[in-house]
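Take a look at the protein below.

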Amino acid sequence: GSQLRAHLTGRPETSSFRRLVVTEADQYRLQRLLSAVGSPFRKMPDKSMQALARSFELVEFQPGDIIMQKGVMGRHLYVVDDGNVELFNVKYGQKPVLVTTIHAQPSRSDLVTGKFNSRMFGQTSLRLAVPQPLGARVPVEAGPCRVWRMSADAYDITLQVRSARGLVVVVWRWWWWWWCTAWIVFCKSVS
């Protein structure tokens, strides 16, 4: 097991990650990850999914790097592509507590192990506009970790587009219901 230490988890997020060049195969793999069971994006149409996937960047973190700091407002949504990520909780004045470790392989988009059974993290802070409830880092004894990340701004735009489409559907259903009801009333009054 990994040993979490205050001096490793109490530091700020790492800014020395490496951005990777994304290939078509990488984009396709990300689309499969985003459409997996449990993903908030899984029911998006193909064209929307492709646009969503383009809003992510692929970055690589080294062992011991802090990916996401607990207690700060979220700036990204993360999806683990390849490697291990530890999610931990730190309470003021106490030692960090390991919550779970995400183990992911790029060749198996359907296989991920860990308590949450998901490659995705960071969405709680973005969705609820609260500080990050957990921190995330690459285990010290692990190799590098490849992570997809999407900015909070891109996440907000995605939700607004989905909400706008939902509103169109609601308005359309309301209009259709009103029109049918008016037609039925008219037909009854004529007969």
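## A buried proline

A residue counts as buried when its relative accessible area is under 20%. Pro139 has 4% relative accessibility, so Pro139 is buried.

Where does Pro139 lie? Pro139 sits in the loop between strand E8 (135-137) and E9. Leaving aside residues up to four places away in sequence, Pro139 touches Pro63, Gly64, Asn84, Val85 and Glu86. Gln62 is 77 residues from Pro139 along the chain, yet their C-alpha atoms are separated by 8.8 Å.

## The overall fold

The protein has 5 helices and 9 strands. Along the sequence they follow the pattern α-β-α-α-β-β-β-β-β-β-α-β-β-α. Of the 191 residues, 39% count as buried.

Residues 24 or more positions apart account for 73% of them. The accessible surface comes to about 11,500 Å². Carbon and sulfur atoms hold 58% of that surface.

The largest nonpolar core has 20 residues. Which of its residues touch the most other members? They are Leu34, Phe41, Leu52, Phe56, Leu77 and Met150. Several elements each supply at least two residues of this core: helix H2 (24-34), helix H3 (46-54), strand E2 (56-61), E4, strand E9 (145-151) and helix H5 (152-190).

Not counting residues up to four places away in sequence, Leu77 touches Phe41, Phe56, Met120, Phe121, Gly122, Gln123, Leu126, Trp148, Arg149, Met150 and Tyr155.

## The buried side of H2

Which residues of H2 are buried? They are Asp26, Gln27, Arg29, Leu30, Gln31, Leu33 and Leu34. The buried residues of H2 pack against H3, E2, E4, E7 and E9.

## One aromatic pair

Rings of Phe, Tyr and Trp pair if their centres lie within 6.5 Å, and planes under 30 degrees apart count as stacked. By this rule the count comes to 1 aromatic pair. Why is the pair of Tyr78 and Phe121 stacked? The ring centres are 5.0 Å apart and the planes meet at 15°, so the pair counts as stacked.

The pair links distant parts of the chain. Tyr78 belongs to strand E4 (residues 76-89), and Phe121 to strand E7 (residues 120-121). The two residues are 43 residues apart. Tyr78 is buried, with a relative accessible area of 2%. Phe121 is buried too, at 4% relative accessibility.

## How confident is the prediction?

The average pLDDT is 76, and 70% of the residues score at least 70. Where is confidence lowest, and where is it highest? Helix H1 (residues 6-9) has the lowest mean, at 44. E2 has the highest, at 93.

Two stretches deserve a careful look. Over residues 1-10 the pLDDT is below 50. Beyond near neighbours in sequence, this stretch has 22 contacts in the model. Over residues 166-170 the pLDDT stays under 50 as well. For residues 166-170 the model has 0 contacts beyond four places in sequence.

Terms used
Residues numbered from 1 in each chain as written. Predicted model: local features only at pLDDT ≥ 70, side-chain atom pairs only at ≥ 80, totals over all residues. Heavy atoms only, no water. Phe/Tyr/Trp six-rings, centres within 6.5 Å; stacked < 30°, edge-to-face > 60°. Helix = DSSP H or I, 4+ residues; strand = E, 2+ residues; numbered from the N terminus. Buried < 20%, exposed > 50% of the residue type's maximum accessible area, 1.4 Å probe, protein only. Core = buried A, V, L, I, M, F, W, Y, C linked by side-chain atoms within 4.5 Å. Contact = heavy atoms within 4.5 Å. Areas by Shrake-Rupley, 256 points an atom, 1.4 Å probe, with all protein chains shown as cover. pLDDT = per-residue confidence, 0-100.
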